[in-house]
Amino acid sequence: MSADRGHEQGARRRATRRFPLFTRDTARPEGGGRAASGDLPAPARQWPVLVVLATVAVGLLLTSLDQFRVGALLIGAALLGGAVMRWILPSVGMLAVRSRFTDIVTYGVLGLAIVLLALMAQPKPWLVIPYLKDTLHFTMRN
């Protein structure tokens, strides 16, 4: 009996491939390191996310100043720029949220959707897609 107890206490538990019940920490996303050297001040190390946030802030300011289309285009362009930076740069700091693929797809799809919606906004849309207009009339028929 004492041999069994010693075996239980002295032996390490076999590692399993299952995820633990409680997560103690998280892994940094790929490319989530500093975007510049550690010698620089904090804002310079996080310049990619600051560029995206500053561009979105300017877009929101323009939108609040009754320039909806230009402001929305700027917001969409900021997200598309974030997707490009995430794709090209090896390290983007806090712009990295998930895996590189997930970030690129998320930023790209949201940016493209915002740009397209801004281009098609009424009145006087800059982009007219006849197929969408026909689809809308088809779905709204009685």
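**Helix H4 in the predicted model**

Helix H4 buries Arg69, Gly71, Ala72, Ile75, Gly76, Ala78, Leu79, Gly82, Ala83, Met85 and Arg86. These positions belong to a predicted model. The helix spans residues 68–88 and has 21 residues. Its first and last C-alpha atoms lie 30 Å apart, close to the 30 Å expected at 1.5 Å a residue. An α-helix has 3.6 residues a turn, so residues three or four places apart point the same way. Ala72, Ile75, Ala78 and Leu79 are among the buried residues of H4.

The overall fold is helical. The protein chain contains 6 helices and 0 strands, in the order α-α-α-α-α-α along the sequence. Of its 142 residues, 24% are buried. Contacts between residues at least 6 apart in sequence were examined by separation; 57% of them join residues at least 24 apart. The accessible surface of the chain amounts to about 11,400 Å². Carbon and sulfur atoms account for 65% of that surface.

The largest nonpolar core comprises 10 residues: Val49, Val52, Ala78, Leu79, Ala83, Met85, Val92, Leu95, Ala96 and Tyr107. H3 and H4 each supply at least two residues of this core. H4 gives the most, with 4 residues. In soluble globular proteins, nonpolar side chains tend to be buried together. Leu95, a member of this core, touches Pro48, Val49, Val52, Gly82, Met85, Arg86, Asp103 and Tyr107, not counting residues up to four places away in sequence.

Two of the residues touched by Leu95, Arg86 and Asp103, also pair with each other in a salt bridge. Their closest N and O atoms are 2.8 Å apart. The pair links distant parts of the chain: Arg86 lies in helix H4 and Asp103 in helix H5, 17 residues apart. The structure holds 1 salt bridge. Both partners are buried. Arg86 has a relative accessibility of 0%, and Asp103 has a relative accessible area of 4%. Each value falls under the 20% limit for burial.

Together with Trp87 and Ile88, Val84 forms a nonpolar surface patch. The three residues have about 370 Å² of accessible area together. Val84 itself is partly exposed, because its relative accessible area is 43%, between the 20% and 50% limits.

Conventions:
Residues numbered from 1 in each chain as written. Predicted model: local features only at pLDDT ≥ 70, side-chain atom pairs only at ≥ 80, totals over all residues. Heavy atoms only, no water. Expected span 1.5 Å × (residues − 1). Buried < 20%, exposed > 50% of the residue type's maximum accessible area, 1.4 Å probe, protein only. Patch = residues over 30% accessible without salt bridge, like charges linked within 9 Å, V, L, I, M, F, W, Y side chains within 5 Å. Areas by Shrake-Rupley, 256 points an atom, 1.4 Å probe, with all protein chains shown as cover. Salt bridge = Lys/Arg side-chain N within 4 Å of Asp/Glu carboxyl O. Core = buried A, V, L, I, M, F, W, Y, C linked by side-chain atoms within 4.5 Å. Contact = heavy atoms within 4.5 Å.
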